[in-house]
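Please read them with the structure open beside you.

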Amino acid sequence: MADLEEWMQNANDALSISLLSPTPSGLKSVAKFPPKFTYSIFGDDEKIFGYKDLKISLRFRANDMRPHLRTSHGEKLKPPPGSEEPTDVTAVLDEGGHLPKVAFSKGSDFENSSKQFSDTWTPPGTLHAAVNADDAQYEIWRGNLADPAIKQLNSRIQILVPLFIEGGSYIGQREDSSEIDLSDADRWTFFFLYKTEKSKEDPEKKLYVFVGYATVYRFYYYDRTAPKSSTKDDWELPQGDYDLSELPCRTRLSQFLILPPFQGKGNGVRLYKTIFEHYHKHPQTYEFTVENPSEAFDDLRDICDLSFLRTVPEFKALSLDTSVDIPKAGNVPPLILGHGTVESIRKKAKIAPRQFARVLEMHLMSRLSASVRPTLDLDAVVPSPKAGDKKEERLWKLLVKQRLYRHNRDVLSQIEPGERIEKLRETLTSVELEYARLLAAYDRVAKHSTAQSEMQSNGKRKLEEAESEQPSKKVKAEEE
């Protein structure tokens, strides 16, 4: 066993991913980075057997994301008959449907086609939004998976999902099969984020670098509260062709990925806000949800949703009702002033109930007096509570406990009342710390956005853009 251990190599270390921009003189490096996960491809232990100094290079053309796989290694194990053979890396990626066939072509084909690549290329789909940021100009393109060009791009980039999203899977793939079923392709919408720059050979032309993307799936939305359009017994389905895209739907954000070299630069916020704003204005969408978000994405979503809701006058007007008297026993009365409007505000915002409740709690916590508001700043000078501060704090805590109890009712009902109260108290403390952290992050983002707006309004940004276009400035490869 000890002898075989030296032939096991960590797949995360062996695999490297590169973005390369095509130029007439050849491929230019844009970024290089490792994967986060490889267990869904090479097994739970993320090990590759049978090699020493194995290197797996997965190269992508940075604009159209055409992939190319290249492997190399030092020694290769020659096992005796009947023993385990070295892992066939190419077969794993090919037969598992992780990469399209074009990824396994000759390296010379990949490189020669890149030299001849048209500099008039634009992403598939339609241009949805153009954004001027501090570091560059970005474009977001939108398209439907039923479009052959979108389908081709998806087949090229889908491997990035399991490599960077824990538990991520391919669109249309079942757990027990590598076969892809895209019979519902028309329900999938893609949003691609690209960084753009002017061509050095021709400033009138634009070059694209793939930054990340998101996928959205549309479910039929059945509104139980909607009145029946007809009570006739002879009602029938409409005759002829019917556009299913016109039906009411619940829109779900399924996959969301910003490549590592472009993280920490506001690109996630940029993409999420664009998608959310699109579906907020989309008349067929009744609710915008997210599928199994990670903790990092939850943070991004909370900050963006809070930022959006604070632009809604009805939401900003909500406050804790300090005139409420809390009974010692029995039902707790409504704790929010204007509580009757909360659900209508949520529906208008098209945010899912639990997410809306959390953001509302966060917002109301930020309005508490500094004397009682939870904070992560241990050195903060906290003033003494004034009359009513403690009551307002108690109202807020009761509001959060109500939601926590409803959400965890089944679990809490199985434990003793005393322990139940203690569990709620512990959970409330963790919620307070989480909200304090998120509100601090929100303030940082808000300050950065304000600074950016001021730079653009006073002309400094234009000066920086002009300087960056001078021929003496060299573009450095961004590596990780």
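1. **Ground rules.** This is a predicted model, in which local features need pLDDT of at least 70, side-chain atom pairs count only at pLDDT 80 or more, and totals for chains, interfaces and linings use all residues. Residues are numbered from 1 along each chain as its sequence is written, and side-chain values use heavy atoms, with hydrogens and water left out.

2. **The chain overall.** The protein chain has 16 helices and 14 strands; helices (H or I, at least four residues) and strands (E, at least two) are DSSP runs, numbered from the N terminus. Of its 480 residues, 41% are buried, where buried means under 20% relative accessible area, exposed over 50%, and partly exposed in between (1.4 Å probe, protein chains only). Taking contacts (heavy atoms within 4.5 Å) between residues at least 6 apart in sequence, 71% join residues at least 24 apart.

3. **The sheet.** Start with the open sheet of six strands, which runs E7-E8-E9-E10-E11-E12 with mixed pairing; two strands count as paired if DSSP finds at least two bridges between them. E7 (126–132) and E12 (285–290) are the edge strands, each with a single partner, so one side of each has no neighbour in the sheet. From one strand to the next, the twist averages 25 degrees; axes here are lines fitted to C-alpha atoms, for helices over the stretch in contact, and angles run from 0 to 180 degrees between N-to-C directions.

4. **Both senses of pairing.** E8 (residues 137–144) and E9 (residues 188–198) are antiparallel, joined over eight bridges, and Gly143 faces Phe190 of E9. E11 and E12, in contrast, pair in the parallel sense over five bridges, with Arg250 bridged to Glu287 in E12. The chain gets from E11 to E12 by way of H8, in a right-handed β-α-β crossover; right-handed means that, with the strands pointing away from the viewer, the path from the first strand over the helix to the second runs clockwise.

5. Is E12 enclosed or open to the outside? Five of its six residues are buried, so the strand is largely enclosed by the rest of the structure. Do keep this apart from its place at the edge of the sheet, where E12 has a single partner strand.

6. **Helix H8 over the sheet.** H8 (residues 267–281) lies across E7, E8, E9, E10 (206–220), E11 (249–258) and E12, and runs at about 165 degrees to E11.

7. **The annotated binding site.** An unreviewed UniProt entry lists Phe256, Leu257 and Ile258 under "binding site"; UniProt positions are in the numbering used here, feature names are shortened, and annotations may be inferred rather than shown by experiment. Leu257 belongs to E11 and is buried at 6% relative accessible area. Beyond its neighbours within four places in sequence, Leu257 contacts Leu160, Phe164, Ile165, Gly212 and Tyr213. Ile258, also in E11, is buried at 7%. With the neighbours within four places again set aside, the contacts of Ile258 include Leu193, Val211, Asn267 and Leu271.

8. **The annotated active site.** The unreviewed UniProt entry puts "active site" at Glu291. Glu291 sits in the loop between E12 and H9 (295–309) and is partly exposed, at 28% relative accessible area. Apart from neighbours within four places in sequence, Glu291 touches Arg252, Leu253 and Ser254.

9. **Helix H6.** Ile150 lies in H6 (residues 148–157) and is buried, with a relative accessible area of 0%.

10. **Helix H11.** In H11 (residues 342–349), Val342, Ile345, Arg346 and Ala349 are buried. Viewed down the axis of H11, the buried residues fall within an arc of 100 degrees, so they line one face; the arc is that of the directions from the helix axis to the C-beta atoms. Among the elements covering them are H8, E12, H9 and H12 (353–366). Just after H11, Lys350 has a positive phi of about 65 degrees.
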